[in-house]
Amino acid sequence: MQYAVLILDGASGDPVPEFGGKTTFEASTTPNLDALARSGTVGLMQNVPQGMESGSDVACLSIAGYDPVVYRIGRGAIEGAALGIDLQPGQTALRLNLSYVENGIMTGYSTDNISTEDGHALGRELKAALDDETFTLHLGTSFRQVLVVNGHPELMDLEYETPHDNTGLDITQAWQPRVPATAVGEEAVRLQAAADLLADYVRRANEVLASSPTNERRVGAGLWPANHVWAFWPGMRPGSLAPFAQVYGKTCAMNSAVDLLDGIARLTDMRVYKVEGVTDGPTNDFGAQGRAGVQMLEDGNDVVVIHVEAPDAAGHDGRPDEKRNAVECSDEAIVAPLRAYAATRPLRIAVMPDHPTPLSTRKHSGDPVPFLVWGPGIAANGAGRLTEADARATGLACDPGWKLMGDLLLAD
């Protein structure tokens, strides 16, 4: 038996007027997912434990079969692991976005999904000007960078907003880390010093971007400049995450366009597949990702995880047609080839979002998401489609979501 897990990042959400009061799943034409749902098990899974931030670091760790309450790593450290950063004690890794702000308004949290080539060019300019004994910038994918701060673990105790949750809003105060209201006395003073340190880095970085040759070229080409950095999602050196093969007795491989998923894979000793044309937005080559998924199975991996970022990006950008297209393309170019593979060899398939990214809010939600599991030994439980309503109607709930991997997908 082999197993394929397809994560449609942020694909679920609320009913929206653009779809006549339907959710993205309900409005999408998905004949392959429909076929799996009719003959498989459908339900709701809770990937974000109560009280935890509804981010993909928490939710995707759940899908991978690890309890995020036990493994509180922090997204900056996970993405750092994807870049090969070996964090030392006392070092903090933060995600750093290259963003476009116009007249104080967050216009493009990803600088319109800036190319990795331009993201690296800007990152090199920032490194040349700002890297020192305290700050070291590491170049990631597209708009994503990782900033390592040496000697200030108190950064973990600050409060942060995220750039994608501030799309269309005045970010004059939002980008700055805050001291929790519960901190008092010397603790408050210590935390404020850390917040000021990070805010000073951001201001100096924005000054570098203001005179950037790369940005000048982008403006000349009619593209948005990356004129604002935003530091958030801190993490520190993770504790020991047991390898996936040790926990579940099966080999596992990962295929994703984003550093976060690569980081989870590397921290759990999964094999990482990088596929040309697989991106984190509407330019994603779904066909290439589907072919890669089949190849991963043919290579003999017991479990393959295919992560599609495009629905989440469209949700944050408030683009309903792009979100629906991402779901439909995934159905045609990824689910269909997996079904064809399953016609010749024993394969179980699981499909789910990690968290909702409702078009109405453009923000992550910690609500449960619909899931399906199909294949040998999996019984039908009455669902007709992979939708929020169908999942609720079955009455099946997987809470906490991290148990789905062992209790249902990999169960004998």
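The paragraphs that follow take up these topics in turn.

This is a predicted model, in which local features need pLDDT of at least 70 and side-chain atom pairs count only at pLDDT 80 or more, while totals for chains, interfaces and linings use all residues. Residues are numbered from 1 along each chain as its sequence is written, and side-chain values use heavy atoms, with hydrogens and water left out.

Helix H3 spans residues 56–63, and eight of its eight residues are buried (under 20% relative accessible area, with a 1.4 Å probe and protein chains only). Helices are DSSP runs of H or I with at least four residues, and strands are E runs of at least two, numbered from the N terminus. After H3 comes Gly65, with a positive phi near 95 degrees.

Ser365 lies in the loop between strand E11 (347–352) and strand E12 (369–374). Ser365 counts as buried because its relative accessibility is 13%. Its contacts (heavy atoms within 4.5 Å) include Ser54, His355, Pro356 and Pro358, when residues up to four places away in sequence are not counted.

A pocket is an open set of points on a 1 Å grid over the protein atoms alone, where a 1.4 Å probe fits, with protein on both sides within 12 Å along at least five of seven lines; lining residues have an atom within 4 Å of a point. Volume is the space filled by probe spheres set on the points, which are joined across faces, edges and corners. The largest pocket has a volume of about 480 Å³. Of its 22 lining residues, Glu53, Asp57, Gly74, Arg75 and Pro234 are the closest to its centre. The second largest pocket holds about 350 Å³.

Definitions and conventions
Buried means under 20% relative accessible area, exposed over 50%, partly exposed in between (1.4 Å probe, protein chains only).
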